[in-house]
Amino acid sequence: MTLVSNAQTAQDGAPTTGDLVMTYSDGAGTAVVNTDLKAYVSRDNGTTYTQATLSSQGTTGGHTILTSNGLDISSQPSGTSMRWKIETLNQSASKDTRIQAVSLGWS
């Protein structure tokens, strides 16, 4: 599965870093973060993405909280149209990863 956000405009020029927070749960099996579950940030409306390294911050309400802070996106083509992309890979009847929420910040 690939999820892509709607674009949000960065108001103060082209961002150089991105911050991502998301929650997920395993419907079946166990997803390996950064292998079966990947996240990306774009500042050029999704033409170019930089992969985020996700780190677990614990759980809330049965959902795992993942974050990536200070992701360097300065090498992407300049732009102010921010998007995130989430991919679930290696999914099957025995591995079902569920995304509950995603939030993107930048500076």
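Biologist: Okay, start with Leu20. Which residues is Leu20 in contact with, leaving aside its neighbours within four places in sequence?

Modeller: Keep in mind that this is a predicted model. Leu20 is in contact with Ala39, Leu54, Leu66, Thr67, Ser68, Trp84, Ile86, Val102, Ser103 and Leu104. As for the sheet, Leu20 stands opposite Leu104 in S9.

Biologist: And what's the core like, which residues have the most contacts inside it?

Modeller: The largest nonpolar core has 17 residues, and Leu20, Met22, Ala39 and Ile86 are the ones with the most contacts inside it. At least two residues of this core come from each of S3, strand S4 (37-42), S7 and S8.

Biologist: Where does Met22 pair up in S7?

Modeller: The bridge partner of Met22 there is Leu66. Thr17 also has a bridge partner in S7, namely Asp72.

Biologist: How many bridges join S3 to S7?

Modeller: Seven, between residues 17-28 of S3 and residues 63-72 of S7, and the two strands run antiparallel. S3 and S9 are antiparallel too, joined by 10 bridges.

Biologist: So what's the strand order in that sheet?

Modeller: S6-S7-S3-S9, an open sheet of four strands with antiparallel pairing. S6 (55-60) and S9 (96-106) each have a single partner strand, so at these edges one side of each strand has no neighbour in the sheet. From one strand to the next, the twist averages 25°.

Biologist: Zooming out, how many helices and strands does the chain have?

Modeller: Zero helices and nine strands. Read from the N terminus, the elements go β-β-β-β-β-β-β-β-β.

Biologist: Does the overall size look extended or like a compact globule?

Modeller: Like a compact globule, because 107 residues would give a radius of gyration near 13 Å and the chain has 14 Å, which agrees. Along the principal axes, the C-alpha atoms fill a box of roughly 45 × 25 × 20 Å. As for burial, 37% of the 107 residues count as buried.

Biologist: What share of the contacts joins residues at least 24 apart?

Modeller: 75%, counting contacts between residues at least 6 apart in sequence.

Biologist: Switching topic: is Lys95 buried or exposed?

Modeller: Buried, because its relative accessible area is 18% and the cut-off for buried is under 20%. Lys95 is in the loop between strand S8 (81-88) and S9.

Biologist: What does the side chain of Lys95 make a polar contact with?

Modeller: The side chain of Asp36, at 2.7 Å. Not counting residues up to four places away in sequence, Lys95 touches Ala28, Gly29, Thr30, Asp36 and Asn90.

Biologist: How does Asn34 count on accessibility?

Modeller: Partly exposed, because its relative accessibility is 23%.

Methods: Residues numbered from 1 in each chain as written. Predicted model: local features only at pLDDT ≥ 70, side-chain atom pairs only at ≥ 80, totals over all residues. Heavy atoms only, no water. Pairing = 2+ DSSP bridges. Axes fitted to C-alpha atoms, helices over the stretch in contact; angles between N-to-C directions. Buried < 20%, exposed > 50% of the residue type's maximum accessible area, 1.4 Å probe, protein only. Polar contact = N/O pair within 3.5 Å; in protein donor to acceptor, adjacent residues only side chain to side chain. Contact = heavy atoms within 4.5 Å. Core = buried A, V, L, I, M, F, W, Y, C linked by side-chain atoms within 4.5 Å. Rg over C-alpha atoms; globule rule 2.2 N^0.38 Å.
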